[in-house]
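Hi,

Here's the model I promised to pass on.

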Amino acid sequence: MTMEYGQTRQLRQVHTYDTVIVGAGGAGMRAAIEAAPRCRTAVLSKLYPTRSHTGAAQGGMAAALANVEEDNWEWHTFDTIKGGDYLVDQDAAEILAKEAIDSVLDLEKMGLPFNRTPDGTIDQRRFGGHSRDHGEAPVRRSCYAADRTGHMILQTLYQNCLKLGVEFFDEYYVLDQLLTEVGGVRHSAGVVAYRLATGELHVFRAKSVIYASGGCGKFFKVTSNAHTLTGDGQAAVYRRGLPLEDMEFFQFHPTGIWRMGILLTEGARGEGGILRNTHGERFMEKYAPVMKDLASRDVVSRAIYTEIREGRGCGPEGDHVYLDLTHLPHEQLDAKLPDITEFARTYLGIEPYTDPIPIQPTAHYAMGGIPTTVHGEVLADNTAVVPGLYAAGEVACVSVHGANRLGTNSLLDINVFGRRAGLAAAAYAATAALPELPEDPAGWVERRIEGLREATGSERVAVLRAELQETLDANVMVFRTEQTIGAALAKLAELRGRYAEVSVQDKGRRFNTDLLEAVELGNLLELAEVMAACALARRESRGGHYREDFPHRDDVHFMRHSMAYREVAADGTESVRIDYKPVVQTRYQPMERTY
């Protein structure tokens with residue numbers, strides 16, 4: 001490690017590693033488990049690793065183990081592709097479903113305490129959109145640890161990382177991706193991070209970099225996402241001229257706690273929970289006669305809002321519906337769903353044994369992100385990769401989720417493609433030369449940080465963030481039109497203009513979360529504009545993107561992935577340029593989705 005000072009006398013420290021992983025959630029730590037035994041590896045995280053958002057995942061991890069009933073990986077592949085409304089790259093979906101089985105067994109061998117069947121095998125339960133024989137009936141495919149599966153995965157992976165001696169840098173905020181040109185091709189050279197405890201800048205020079213920094217759901221108000229999910233990884237590569245794929249597709253989980261967005265797992269419906277309107281009717285029978293409450297998430301979320309819009313919502317304002325667990329045995333709730341029943345008691349003062357739980361859809365998961373190959377290699381355009389740069393998990397777009405992620409495929413994604421990215425990054429680092437750093441590598445971050453610290457503008461971060469979230473909730477959520485998206489884009493342009501006048505009250509260097517929230521707001525504003533621009537350009541409805549003015553899927557014009565690039569004009573004006581790339585199809589032809 002070396003030390004130097006920048007132009008403003010900001011202390012910088014320079015570290016050198018073979019592989020640097022940005023993010024210590026499930027994807028990052030699964031990558032670290034593969035990379036660390038093969039090369040010198042560092043993991044950088046905004047949080048203490050076991051507080052990463054993977055820990056909030058409740059319901060389970062899909063794998064066609066067939067421990068409880070007949071199943072196979074081909075059915076899982078089909079459900080993934082169908083669930084994604086045929087925008088899924090089918091080669092990636094086959095890899096996901098095939099490698100799911102070993103991924104679950106690997107976690108079992110690492111010590112993860114799955115729920116068990118009476119004969120001792122890993123238990124499995126039903127989940128939305130998972131079926132046997134191409135949709136004939138629901139299937140028990142979700143491997144789970146009560147309703148704390150993500151928490152157990154995170155703890156298990158962290159323990160195994162410690163066993164392997166992985167080096168962690170906790171509370172280091174990665175704010176920039178470094179690229180250097182070699183023979184006319186841009187290579188990854190490392191990252192620049194801000195250390196929360198000291199305010200120092202740290203340059204991590206590395207042969208390979210893996211982004212596993214999670215999603216960007218905090219640009220919505222009603223969301224299941226943690227406060228830290230501000231799209232830092234997506235924004236870092238986007239600013240460097242690399243594309244973002246399918247950003248218009250954001251999943252709204254059907255069952256968030258009313259007005260709070262805190263998630264109530266789909267596993268509750270897998271255990272027999274029922275959605276009811278104000279008349280007590282099980283309304284999903286109208287929208288999905290076979291799968292009912294276990295249809296895909298986009299279908300269920302739209303059904304809920306349709307009930308509300310047509311006057312069948314619950315409560316004085318008619319703005320929610322009920323998740324009814326009251327018919328389930330108490331011992332089943334206690335054994336299988338202990339966390340969500342406690343959430344109902346804690347946050348709503350409701351006893352789920354006897355009272356239905358008020359719920360509404362909540363912004364949950366970004367299907368889009370940094371485009372990658374099936375080995376986690378980041379794409380510079382439709383075909384060429386950026387040597388030394390990788391991504392996995394929610395920050396990435398392989399694409400195995402297409403237009404709508406199938407429930408339980410997120411925990412699977414981070415394990416399958418986190419592992420693949422770790423192996424690929426380590427293999428690259430074994431043969432690549434250590435890249436040269438660009439001139440003044442931390443200069444852009446230093447100017448941004450010091451500019452915010454010294455700013456005297458009248459705008460406040462909390463005010464702008466609240467207006468951003470209210471705008472997206474009102475205009476770019478479950479239902480969208482050209483008019484609402486246009487209104488969102490106009491408001492975002494206003495907010496970005498006002499962001500130039502933002503200032504922070506805390507001028508200190510140690511634990512300055514006020515400063516970092518200002519940086520995160522900049523990321524959210526930029527990514528919200530990308531999402532809205534891509535949504536406006538996609539004149540069809542598909543999966544999580546539902547345009548009321550274009551209510552049907554249009555395979556002729558939009559069976560393709562959007563690729564968004566940041567354009568900067570000579571006068572400094574920024575815009576979003578949208579290109580497209582084809583969807584990879586192998587064996588499965590698009591058809592109408594029915595559940």
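A quick word on terms: helices here are DSSP runs of H or I with at least four residues, numbered from the N terminus. By that naming, α8 supplies four residues to the lining of the largest cavity, the largest share. Do keep in mind that this is a predicted model.

The cavities, then. There are four of 30 Å³ or more in the structure, and the largest has a volume of about 60 Å³. Besides α8, β12 (250-257) also gives two or more residues to its lining. Among the lining residues are F250, Q251, F252, R297, D298, S301 and R302. By class, the lining splits into three nonpolar, five polar and three charged residues.

Is R297 buried or exposed? With a relative accessibility of 6%, R297 counts as buried, because the cut-off for buried is under 20%. Its side chain makes a polar contact of 2.4 Å with that of E266. Beyond its neighbours within four places in sequence, R297 also touches other residues, including F127, H253, H364 and R405.

On to the second largest cavity, which holds about 50 Å³ of space. Helix α15 (residues 513-537) gives the most to that lining, with four residues. K218, H227 and R465 are among the residues lining this cavity, and by class the lining has two nonpolar, two polar and four charged residues.

Cheers

Terms used. Residues are numbered from 1 along each chain as its sequence is written. This is a predicted model: local features need pLDDT of at least 70, side-chain atom pairs count only at pLDDT 80 or more; totals for chains, interfaces and linings use all residues. Side-chain values use heavy atoms; hydrogens and water are left out. Buried means under 20% relative accessible area, exposed over 50%, partly exposed in between (1.4 Å probe, protein chains only). Contact means heavy atoms within 4.5 Å. A polar contact is a pair of N or O atoms within 3.5 Å; within protein, one must be able to donate a hydrogen and the other to accept it, and residues adjacent in sequence count only if both atoms are side-chain atoms. On a 1 Å grid over the protein atoms alone, a cavity is a set of points where a 1.4 Å probe fits but cannot get out, and a pocket is an open set with protein on both sides within 12 Å along at least five of seven lines; lining residues have an atom within 4 Å of a point. Grid points are joined across faces, edges and corners, and a volume is the space filled by probe spheres set on the points. Ala, Val, Leu, Ile, Met, Phe, Trp, Tyr, Cys and Pro count as nonpolar, Asp, Glu, Lys and Arg as charged, and the others, Gly among them, as polar.
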